[in-house]
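Dear colleague,

Please find below the structure that I promised to send. My notes on the packing of its helices, its charged contacts and its surface follow.

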Amino acid sequence: MISSRFVDIVFSTLMALLGIYVAVTASGLGYIANGAPAPGFFPIWIGLGMTALSIWNILRAWRASDRLPDIERREVAYVLIASAMMAGFIGLAFVIGMLAGVFLLMLGLGTLFGPRTLGFQIRLLTLSLAMTGIVHVIFQRLLDVPGL
């Protein structure tokens, strides 16, 4: 068993640092240009929001130390495996493309968290194919985003 308080504080600290990084990096893209939001406008606010909410979660976890339940190691393993799958998706997308990567990520996450039945796997495969098709239509056909 792992303490929820410990996990909350560590994860929230990492998220706060990521939020700071996002906001600082985005500030180099500009905030306002010609009276309209520049490319850095939304990432700056997202980074500041991530930082503020992470700090709030750290304070909440610090005060609620006795009321938080412990976390099973198996649940932590699921989160780490899912995180590795998402990191793998990012790397793999450069090799096989975003659409194929999204398809494999959906299959992998569904298999990790879903039931191990043939019926579920068939529905998961069908849904993953359908969502990949929808993403293709939206981004490549409607929005004309190249290189998916």
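This is a predicted model: local features need pLDDT of at least 70, side-chain atom pairs count only at pLDDT 80 or more; totals for chains, interfaces and linings use all residues.

How are H3 and H4 oriented to each other? They are roughly antiparallel (an angle over 145 degrees), as the axes of helix H3 (residues 73–96) and H4 cross at roughly 165 degrees and come within 8 Å. Axes here are lines fitted to C-alpha atoms, for helices over the stretch in contact, with angles from 0 to 180 degrees between N-to-C directions. Helices are DSSP runs (H or I, at least four residues), numbered from the N terminus.

Residues are numbered from 1 along each chain as its sequence is written, and side-chain values use heavy atoms, without hydrogens and water.

Helix H4 (residues 98–113) also packs against H5, at an angle of about 150 degrees and with the axes 9 Å apart. H4 and H5 are therefore roughly antiparallel as well, and H4 passes H5 in a right-handed crossing.

The axes of helix H1 (residues 4–27) and helix H2 (residues 41–63) come within 7 Å and cross at roughly 160 degrees, which makes H1 roughly antiparallel to H2. Their crossing is left-handed.

The structure holds 1 salt bridge (a side-chain nitrogen of Lys or Arg within 4 Å of a carboxyl oxygen of Asp or Glu). It joins the side chains of Asp 8 and Arg 60, at 2.8 Å from N to O. Asp 8 lies in helix H1 and Arg 60 in helix H2, so the pair ties together parts that are 52 residues apart in sequence.

Finally, Leu 127 lies in helix H5 (residues 118–142).

With kind regards

How values were computed. Helices (H or I, at least four residues) and strands (E, at least two) are DSSP runs, numbered from the N terminus. Angles under 35 degrees count as roughly parallel, over 145 as roughly antiparallel, 65 to 115 as roughly perpendicular and the rest as oblique. A crossing is left-handed if the near helix is turned anticlockwise from the far one by less than a right angle, and right-handed if clockwise.
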